[in-house]
Structure formats: structure tokens, C-alpha cells
Amino acid sequence: MMSPLNNKIALVLGGGSARGLAHVGVIKVLHEARIPIDFIVGTSVGALVGATYALGIPLDVIEERALKIKLWHLTDFSISKFALLRGKSLEKVIKNSIENKNFTDLKIPLAIVATDIENGQRVVLTEGDLAQCIRASCTLPGVFAPIRINDKLLIDGGLLESVPARVAQQMGATFIIACDVGFCIKKEKISNLFQMVYQSIQIAGNELNKLQAKNADITIMPQLSSYMDQMAFDKAPEIVKKGEEAARKTLPLILSRLEEAGHINKTE
């Protein structure tokens, strides 16, 4: 049993598409350990998973829904000049996951990070239509059509803040627990343009994650293999389990550091 001494403990959940389902396993462990989370900052799938937990949706329900997501659930081809997919199917998955609830229904404050593609600036969303804000943060450029909110054309927050610990700092967090699911760098011979572009994105993204994760006090890093890439929704049970394993391994350090920093008291 623990009691919070300083209400500024933030949980930061990065992007990663299917790999981000590991956040579900991480949250399970933190919840079981009764670690007090005072606010959540999420990018992309981290915003979605973070929202479900912040809304107070039972963890078994969150996990059950996560395991049911299939790649084809997100597919709705578009004739738009901006993207391959319209994003309406993605929005439907989001609405189902958050039970059509909104920011006013949150039990834990939530900040969602997106990118304004028209000026390259980071946008932090804390009010408005929750599903649309999550949808904006999940909008992988070129794949899903961008969405306009408050006259800003928004795409994936991971473009600037793949592990948004810096946002948590700026919001006043004094202790940050982050989850970095990493990118999927494959060790193989490159034989075509698609592989070249894909691998380049993975390498650049992985380096950005490493840099941004340094802003957290503790970073949980699920050990996801190379076959668990961003589209591997069929590997969801394994991905969630890897998140849980990483959190359990890191938990003693988290508890020790929180107590040392004066954020919790351990009581019988």
C-alpha cells in the first residue's frame, strides 16, 4: 500500500502502433503495485492506451479490446492526395476503445501530443473531442489523412515527441515513468526501395526515442523482437506480455526511486 506525498508523478506513453500495445502490460503492473499516477502524457497509440486507463475502464476490458484489434479494422482506402487511408476506421476503433467518452469523463488528467504539419510545431491537447484528439495523435503521415482541430492540421505526435517526457516536465511533473516500445530495426539485407525507406525511419525513430527517454526518471523498455513490428497486431498477446515482463523487472527500481525521492510512503 502506498500513499502519494507529491502529486506530480507522470506516466508517459510513447508511440509505436501495434508495438504500443505493450503499454497495456506496463499499466497492469503499475496499477497492481498501486503506484499513484497523477497525470498521463501520450503520443499516438500511447495516447489511446493512456486514455482508456485515465477514463477508469477496467484493465481486463482494456486488454480484451486491445487483443481484438486487427490491421484490417484500420483499413479504409482513400482517394485523398494526402494519405492512403481516410482514418474513419481508425476513429471507430478509438471511439469503441474509449466508450465514446470525453475529456470531462477522465479520472486522471491526460495530455495528448500531436504535430501541426503546417508549421512543424508540437501541439498538446487537453480538451475538446477526445476521440478526434487521439485520432490526430495516431495519424501516421501519408498513411492516415490528417485532421484539422482548432485550425491546425494535425498528424502523429511521434514525429516530434515519440516519448513525450519533455511535455510531462513542462506540465510540472517531478517524477516521470516512461514506456518506450522502441522501433523495429531489422538486421537483413536491403533489396528494394520500400525496405530502404522503412529501415531509415526505424533507425531515425529509435535514436529519437533514446534521446527523449532521457528526460524520464525511469524508462520501461519492453524487449520486443524484430518480428513484432508496428503492424503486428496479430502478435498482440505476446506484445502485451512483453510489456508486463518489462514492467515487473523494472518495478523494484521504480518503487525504490519513488520512495527515495519522497513521492511515496510504503505502509503495511
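Reader: By class, what does the lining of the largest cavity have?
Author: Happy to start there, with the note that this is a predicted model. The residues that line the largest cavity include Leu21, Leu48, Thr52, Arg65 and Ser97. Sorted by class, they come to 8 nonpolar, 2 polar and 1 charged.

Reader: Which elements each supply at least two residues of that lining of the largest cavity?
Author: The lining draws on Leu48, Val49 and Thr52, and also on Ile62, Arg65 and Ala66, among others. Helix α2 spans residues 45-54, while helix α3 spans residues 59-68. The elements that each give at least two residues are therefore α2 and α3.

Reader: What volume does the largest cavity have?
Author: In general terms, rolling a probe the size of a water molecule over the atoms shows where empty space is left. In this model there is 1 cavity of 30 Å³ or more. Its volume comes out at about 110 Å³.

Reader: Thanks! How much space lies in the largest pocket?
Author: The lining of the largest pocket takes in 47 residues. By class, those are 29 nonpolar, 14 polar and 4 charged. The space in the largest pocket is about 1,300 Å³.

Reader: Which element gives the largest share of the lining of the largest pocket?
Author: Nearest the centre of the largest pocket are Ser17, Leu140, Val143, Gln230 and Met231. The elements that give two or more residues to the lining are α2, α4 and α7 (193-213). The largest share, 12 residues, is supplied by α7.

Reader: By class, what does the contact of α1 with α8 have?
Author: The crossing of α1 past α8 is right-handed. Among the α1 residues in the contact are Ala22, Gly25, Val29 and Glu32, and α8 brings in Ile239, Gly243, Arg248 and Leu251, among others. The class tally is 10 nonpolar, 2 polar and 4 charged residues.

Reader: Is the crossing of α4 and α5 left-handed or right-handed?
Author: Helix α4 (residues 88-97) packs against helix α5 (residues 130-137) at an angle of about 125°, with the axes 9 Å apart. That angle makes α4 oblique to α5. The crossing itself is right-handed.

Reader: By class, what does the contact of α4 with α5 have?
Author: Helix α4 contributes Leu90, Glu91, Ile94 and Lys95. From α5 come Ala131, Gln132, Ile134 and Arg135. Together they make 4 nonpolar, 1 polar and 3 charged residues.

Reader: On to the backbone. Phi of Arg34 is near what value?
Author: Most residues other than glycine have a negative phi. Arg34 sits in the loop between α1 (22-32) and β3 (39-43). Its phi is positive, near 60°.

Reader: And in which loop is Glu99 found?
Author: Glu99 is not a glycine, yet its phi is positive at about 55°. Glu99 belongs to the loop between α4 and β4 (110-116).

Note on methods: Residues are numbered from 1 along each chain as its sequence is written. This is a predicted model: local features need pLDDT of at least 70, side-chain atom pairs count only at pLDDT 80 or more; totals for chains, interfaces and linings use all residues. Side-chain values use heavy atoms; hydrogens and water are left out. Axes are lines fitted to C-alpha atoms, for helices over the stretch in contact, and angles run from 0 to 180 degrees between N-to-C directions. Helices (H or I, at least four residues) and strands (E, at least two) are DSSP runs, numbered from the N terminus. Angles under 35 degrees count as roughly parallel, over 145 as roughly antiparallel, 65 to 115 as roughly perpendicular and the rest as oblique. A crossing is left-handed if the near helix is turned anticlockwise from the far one by less than a right angle, and right-handed if clockwise. Contact means heavy atoms within 4.5 Å. Ala, Val, Leu, Ile, Met, Phe, Trp, Tyr, Cys and Pro count as nonpolar, Asp, Glu, Lys and Arg as charged, and the others, Gly among them, as polar. On a 1 Å grid over the protein atoms alone, a cavity is a set of points where a 1.4 Å probe fits but cannot get out, and a pocket is an open set with protein on both sides within 12 Å along at least five of seven lines; lining residues have an atom within 4 Å of a point. Grid points are joined across faces, edges and corners, and a volume is the space filled by probe spheres set on the points.
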